[in-house]
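The following exercises are to be worked through with the sequence and the three-dimensional structure at hand. Each task is followed by its solution.

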Amino acid sequence: MARLQIQFIGEERSRDKEAEDLMERSAQAALERAAPQWSCSVDITLTDDEGIRRLNEEYRGKPSVTDVLSFPLLDMENGLYEGDIDWEQDPDTGLIPLGDMVISVERARAQAQEYGHSFDRECAYLTCHSMLHLLGYDHERGEQDRRLMRGLEEEIMRQMGLLRETGENT
């Protein structure tokens, strides 16, 4: 069974214990679905719109606010790693470091209101989305990959009991 260790980082004003618990469950569910045999670690930084805007500009050349950024450490495609994954394990923890995700809590709150669902559900969705990116899924690679990633997101959210409401756009 997949095991996941998460380190939450961020200013206290961006932290929300209930949302973090749901993020942890969402990340675990994504890992169990996409790489059930792995034990991994992930860092999640919670920030505001200005913080994520700066990172988006610095790393992607896009000077705009976004909801989530993913920084994978492994070169994977759709959950597949070519090579010996054991070489990627941290010798101190035995865990495979997948990378980092950054979530704008401010943007998540606005999107939850915009889409008509809870803040917790939005945080869970953004975490699931980012975990899939860390595991090599990419909705920007082409239509087939977009459908695959969206299908996995929906499956994981449904499994967690966080269904989309009719007319929702997330």
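**Exercise 1. Determine how many salt bridges there are, and examine the pair formed by Arg109.**

Solution. A salt bridge is a side-chain nitrogen of Lys or Arg within 4 Å of a carboxyl oxygen of Asp or Glu. By this rule the count comes to 14. The structure is a predicted model, in which local features need pLDDT of at least 70 and side-chain atom pairs count only at pLDDT 80 or more, whereas totals for chains, interfaces and linings use all residues. Residues are numbered from 1 along each chain as its sequence is written, and side-chain values use heavy atoms, with hydrogens and water left out.

Next, take Arg109: its salt-bridge partner is Asp16, and the closest N and O atoms are 3.6 Å apart. Arg109 belongs to helix α3 (residues 105-115), while Asp16 sits in the loop between β1 (3-10) and α1 (17-34), so the pair ties together parts that are 93 residues apart in sequence. Helices (H or I, at least four residues) and strands (E, at least two) are DSSP runs, numbered from the N terminus.

Finally, consider accessibility. Buried means under 20% relative accessible area, exposed over 50%, and partly exposed in between (1.4 Å probe, protein chains only). With 41% relative accessibility, Arg109 counts as partly exposed.

**Exercise 2. Describe the salt bridges of Glu50 with Arg53 and of Glu143 with Arg146.**

Solution. Begin with helix α2 (residues 49-60), where Arg53 and Glu50 are three residues apart and thus separated by about one helical turn. Their closest N and O atoms are 2.8 Å apart. Glu50 is partly exposed at 37% relative accessibility.

Then turn to helix α5 (residues 143-159), which holds both Glu143 and Arg146, three residues apart, or about one turn of the helix. Here the closest N and O atoms are 2.7 Å apart. Glu143 is partly exposed, with a relative accessible area of 43%, and Arg146 is likewise partly exposed, with 32%.

**Exercise 3. Locate Val65 and list the residues it touches.**

Solution. Val65 is found in the loop between α2 and β3 (68-72). At 38% relative accessibility, Val65 counts as partly exposed. Contact means heavy atoms within 4.5 Å. Leaving aside residues up to four places away in sequence, Val65 touches Asp49, Ile52, Arg53 and Arg107. For Val65 and Arg107, 42 residues apart along the chain, the C-alpha atoms are separated by 8.0 Å.
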